[in-house]
Amino acid sequence: MDSRANMASFDQKEINWDKLDKTKLFVVGAGLFTGVTVALYPVSVIKTRIQVASKDAPQKNALAVFRNIVKVDGIPGLYRGFGTVITGAVPARIIFLTSLETTKVAAIKMLEPFKLSEPVQAAVANGLGGMVASISAQAVFVPIDVVSQKLMVQGYSGHANYNGGLDVAQKIIKADGFRGLYRGFGLSVMTYSPSSAVWWASYGSSQRVIWRLLGHSGQYEQTTPSQWQLACVQAAGGIFAGAVASCVTTPLDTIKTRLQVMDNTEERQKARQVVKNLIAEDGWKGLYRGLGPRFFSMSAWGTTMIVSYEYLKRLCAKVED
């Protein structure tokens, strides 16, 4: 079966890594990811502020936090730490996507002898790819997270003020050495790796179930889905994946965020103490602070990114003779 027919069949909706022009993918993708980050970054700022709010903070819901930020700092307040995130996002995304795609290809080959159903095979391969990709990218993501989150919450609920990302990094290194930039690294791996695995597994399996519900058997077909159909199915898979992943991983994300934004002068707390404080302040629901913005962020980001990424892969597919 030639490559064109292979792409047309249901089980090959996703273009394989070896069929892509990597240079074009990374260059065009950098611009694409930057655009999506600009659009959705304010949601991360709002989520982070909700998660670190003190017990007596007057704003504890997303709308109230949004209004307060705009009132005090204007629209720029919604983009605190954005420069730091963009600086590290491009290399982190390159590491992530390379690890994701190469792991998915290897996992699919490894699973072939087991004769699993297509949704199950997709869930396992995508889940492994997402987990490995997340672990690989944490070396870049965690310092970005630590610095940008301190900028997001500066001056809020008693947190210190800084003169930009470089000032944050310098003060962290002065107080804790370079290891300070990796505060919460273990929890980041525990949060983002399962989150990424659950998201990609849910996405990979759900879109195949949706295709079957729409009457696609997964065998060689005479007609290929339209770009509109592809986008809608991928978007639906992204929304479902965001819902599942956000519900599973929000407690770990809340704990991680609180650990990372602690001032350098504060007594170091362990994750267990953070959990106790959250429960004392709000009960068990305190662990789900920021669930709404996190769900929206993961669903909106995931849906936008996956539709754009799959389109980008088709755009960057090598033309074979």
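At 1% relative accessibility, Gln 138 counts as buried (under 20% relative accessible area; exposed is over 50%, and partly exposed lies in between, with a 1.4 Å probe and protein chains only). The model is predicted, with local features needing pLDDT of at least 70 and side-chain atom pairs counting only at pLDDT 80 or more, while totals for chains, interfaces and linings use all residues. Residues are numbered from 1 along each chain as its sequence is written, and side-chain values use heavy atoms, with hydrogens and water left out.

Gln 138 lies in helix H5. Helices (H or I, at least four residues) and strands (E, at least two) are DSSP runs, numbered from the N terminus. Leaving aside residues up to four places away in sequence, Gln 138 touches Pro 143, Tyr 182, Phe 185, Ser 188, Val 189 and Tyr 192. Contact here means heavy atoms within 4.5 Å. Ser 196 sits in helix H7, residues 185-213. Ser 196 is also buried, at 9% relative accessibility. With the neighbours up to four places away again excluded, the contacts of Ser 196 are Phe 96, Gly 130, Met 131 and Ser 134.

Charged pairs were examined next. Side chains of opposite charge can pair when their charged atoms come close. The structure holds 13 salt bridges, each defined as a side-chain nitrogen of Lys or Arg within 4 Å of a carboxyl oxygen of Asp or Glu. One of them joins the side chains of Lys 313 and Glu 101, at 3.2 Å from N to O. Lys 313 lies in helix H10 (residues 291-315) and Glu 101 in helix H4 (residues 82-111), so this pair ties together parts that are 212 residues apart in sequence. Lys 313 is buried, at 1% relative accessibility. Glu 101 is buried too, at 2%.

A further salt bridge links the side chains of Asp 145 and Lys 256, with an N to O distance of 3.4 Å. This pair also connects distant parts of the chain: Asp 145 belongs to helix H5 (residues 118-153), Lys 256 to helix H8 (residues 227-261), and 111 residues separate them. Asp 145 is buried, with a relative accessible area of 14%. For Lys 256 the value is 0%, which again counts as buried.

Arg 289 pairs with Glu 281, the closest N and O atoms being 3.1 Å apart. Arg 289 is buried at 7% relative accessibility, whereas Glu 281 is partly exposed at 21%. Elsewhere, salt bridges that share partners join Lys 47, Asp 145, Asp 253, Lys 256 and Arg 294 into one network.

The surface carries a nonpolar patch formed by Val 27, Val 28, Tyr 311 and Leu 315. Together these residues have about 370 Å² of accessible area, computed by the Shrake-Rupley method with a 1.4 Å probe, where for residues only the protein chains shown count as cover. Patch residues have over 30% relative accessible area and no salt bridge; like charges are joined within 9 Å and nonpolar side chains (Val, Leu, Ile, Met, Phe, Trp, Tyr) within 5 Å. Helix H2 (22-52) and H10 each supply at least two residues of this patch. Tyr 311 is placed in helix H10. Tyr 311 is partly exposed, with a relative accessible area of 47%.

An unreviewed UniProt entry annotates residues 25-46 as "transmembrane region". UniProt positions are given in the numbering used here, feature names are shortened, and annotations may be inferred rather than shown by experiment. In the model, residues 25-46 are 100% helix and 0% strand. The end C-alpha atoms of this segment are 31 Å apart.
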